[in-house]
Amino acid sequence: MTKFYSDMTVEEAISCFPIGSTEVEVLDDSEDFIGFLTIEALSAAVQQSDLTKPISHFITVNAPLQNLRNYSIPYDQFQAFFESDLCRVVFNALYDGVYITDGDGTTLFINQAYQRITGIREEEIIGKPMSYLIEQGMISVSASLDSIRTKNQVTLTQRIRNGRKIIVSATPILSPQNEVIFVINSVRDITELIRMKYTIDSQKLSFQPISQLLPGSEQVNLQEIIIGPSTTPLFKLADKVAKTDAKILLQGETGVGKSLIAKYIHAKSSRKEKIFLELNCGAIPANLVESELFGYEPGAFTGSLKNGKMGIFEKVNGGTLFLDEIGDLPLELQVKLLKVVEENKFMRVGSTEMKEVDVRLITATHRDLASLVQEGSFREDLYYRLNIVSFEVPPLRQRKEETIPLLEMYLKKFNEKYNEKKKMTPECYEWLTNYSWPGNIRELASLAERLVVTTYDDTIDLSNLPSFIQPVLSKKTTTHSLKEAVSELERSLILNAMKKYGTTRAAAISLDISQSALVQKMKKFHMRLENESN
Ligand SMILES: Nc1ncnc2c1ncn2[C@@H]1O[C@H](COP(=O)(O)OP(=O)(O)OP(=O)(O)O)[C@@H](O)[C@H]1O
């Protein structure tokens with residue numbers, strides 16, 4: 001776990017700030033605790049573009065909040081303010097969300113920014129207690145309730161039903177009798193902060209500025225390779241060994257980029273102008289592998305070509321041969337491969353003459369080759385010969401910091417290909433960063449292409465993700481009682497009618513109920529009537 005020192009810059013602090021935490025302890029040079037860096041302070045620093053400032057400027061000692069007691073303003077004045085247009089205009093002008101409850105935790109007001117950040121609409125929650133919101137799965141925890149209970153300021157991270165994470169700071173307003181009469185919550189979008197963190201991280205990632213393409217059909221645009229902190233050592237090692245002819249064994253799950261690393265090594269080697277050829281040992285029938293690899297003499301076997309055939313080793317002479325799924329190579333062929341590996345010599349099928357070649361061999365497998373050796377299905381001598389330099393390529397779920405740069409790169413690529421301009425919402429990026437990606441980067445690339453092609457809007461959000469990736473949105477909606485559901489529907493119909501017609505009389509006509517019945521219902525639902533002119 002990273003320690004936070006007071007001379008760290010804001011940028012450094014963002015990169016190491018533990019996701020999900022709301023504050024970290026800050027130490028001085030002598031490792032003495034000097035205060036807290038809260039996520040709020042960090043986010044304020046980011047908004048002021050103070051990335052290079054030391055975090056000492058933003059440390060708080062977390063002293064209990066003073067002066068929360070309101071001695072002079074009567075309760076009614078507060079109440080009137082929260083219901084007024086003035087309150088609406090002022091709070092709607094803020095970029096951050098505002099959520100106000102009374103002393104029992106009943107929702108009195110939310111501003112537009114809160115609705116934008118959370119996707120929770122006014123008509124769903126005005127007049128509802130915070131406990132109801134938690135029960136319905138709209139929010140995970142309530143800062144207001146904690147603040148009412150402790151009579152103090154509370155800051156916590158909340159997960160919203162749309163999967164987004166927000167930071168809520170609740171400040172209680174106390175009466176002269178020391179009772180909580182209102183709670184004012186300010187709400188910040190942590191997902192945006194996380195997004196900034198990844199943007200900064202990704203700027204730090206080393207993209208290889210090579211625009212070279214490999215000869216032949218096996219081309220790779222090295223500018224499209226994303227290299228993050230977890231894979232930097234792999235690519236550094238690849239740069240180093242590319243200059244030698246040492247045999248390389250690449251291990252890792254499917255789709256993690258083993259083949260891409262093989263191509264990278266070839267492109268960085270002195271063989272780069274020569275051929276790079278990839279052969280999947282598991283994809284060709286066992287009886288054909290030998291003749292594919294080594295070729296055969298005329299009339300070597302029934303059905304063979306009249307003039308014989310050149311094998312892959314001869315074709316690739318001077319270049320690089322990448323043998324994928326080497327663990328699938330039949331045992332009898334392993335002996336023959338060993339000969340090429342040790343002496344650069346082989347014999348065509350049906351020949352007695354040794355041929356010499358100069359081929360750089362890179363092998364890969366998604367299986368654990370060492371245990372295949374133990375089981376006896378892979379030759380130990382060959383294993384050690386192939387495994388001079390070994391690369392363990394980690395799965396994408398262990399390289400989370402690469403997910404966003406990869407998604408951005410693939411979105412850009414497919415936007416260009418399909419002439420689109422799709423963008424992804426921060427919460428979608430965050431969700432996908434935490435997804436387990438069983439198919440690794442191959443799966444990610446396919447998803448990016450699928451989203452660019454199948455979505456209608458320019459913004460890709462959580463609802464566009466395929467169901468096996470999507471978060472479960474509002475799990476509890478089906479547990480509504482009939483009464484609650486009817487009530488919910490009534491509220492939203494009334495709110496819509498009021499928005500559309502502006503007066504209770506016109507709204508009542510549209511809803512086919514009396515004006516007084518409508519007013520009664522609006523009172524029951526704590527809806528505002530102050531704009532009413534008739
Ligand atoms: N670091 C990376 N940056 C960008 N794209 C990558 C990266 N690594 C892999 N890819 C892309 O992911 C896809 C899968 O990679 P690759 O074929 O190299 O995986 P693999 O481990 O060889 O898979 P398999 O074991 O199934 O053959 C390819 O389209 C590749 O270009």
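Visitor: How do the residues of the shell around the ligand divide into nonpolar, polar and charged?
Guide: Seven are nonpolar, six are polar and four are charged. Keep in mind that this is a predicted model.

Visitor: Okay, and which residues come nearest to the ligand?
Guide: Thr-254, Gly-257, Lys-258, Ser-259 and Ile-441 do, out of 17 residues around the ligand.

Visitor: Which elements give two or more residues to that shell?
Guide: Helix H11, which covers 258–267, and helix H19, which covers 440–454.

Visitor: And which domains does the shell draw at least three residues from?
Guide: Domain 3 (205–394) and domain 4 (397–475) each supply at least three.

Visitor: Let's stay with H19. At what angle do H17 and H19 pack?
Guide: The angle is about 45°, and the axes are 9 Å apart. That angle makes H17 oblique to H19.

Visitor: Is the crossing left-handed or right-handed?
Guide: H17 passes H19 in a right-handed crossing.

Visitor: Which residues meet there?
Guide: From H17 you have Leu-406, Leu-407, Tyr-410, Leu-411, Phe-414, Asn-415 and Tyr-418. On the H19 side they meet Ile-441, Leu-444, Ala-445, Ala-448, Glu-449, Val-452 and Val-453. Ile-441 also turns up among the residues that come nearest to the ligand.

Visitor: What about classes in that contact of H17 with H19?
Guide: It has 12 nonpolar residues, one polar and one charged.

Visitor: Now H17 and H18. Where are they, and how do their axes cross?
Guide: H17 is residues 403–418 and H18 is residues 426–433. Their axes come within 9 Å and cross at roughly 120°, so H17 and H18 are oblique to each other. H17 passes H18 in a right-handed crossing.

Visitor: Who makes that contact?
Guide: Thr-403, Ile-404 and Leu-407 of H17, with Tyr-429, Leu-432 and Thr-433 of H18. Leu-407 is also on the list of H17 residues that meet H19. By class, the contact of H17 with H18 has four nonpolar residues, two polar and no charged ones.

Visitor: Switching over to H11, how do the axes of H10 and H11 cross?
Guide: They cross at roughly 40° and come within 8 Å, with H10 spanning residues 232–242. H10 and H11 are therefore oblique to each other, and their crossing is right-handed.

Visitor: Which residues make the contact there?
Guide: H10 brings Leu-234, Ala-238, Val-241 and Ala-242, while H11 brings Ile-261, Tyr-264 and Ile-265.

How values were computed:
Residues numbered from 1 in each chain as written. Predicted model: local features only at pLDDT ≥ 70, side-chain atom pairs only at ≥ 80, totals over all residues. Near = placed C-beta within 6 Å. Helix = DSSP H or I, 4+ residues; strand = E, 2+ residues; numbered from the N terminus. Nonpolar A, V, L, I, M, F, W, Y, C, P; charged D, E, K, R; others polar. Domains from an automatic or database assignment. Axes fitted to C-alpha atoms, helices over the stretch in contact; angles between N-to-C directions. Parallel < 35°, antiparallel > 145°, perpendicular 65-115°, else oblique. Left-handed = near helix turned anticlockwise from the far one by under 90°. Contact = placed C-beta atoms within 7 Å.
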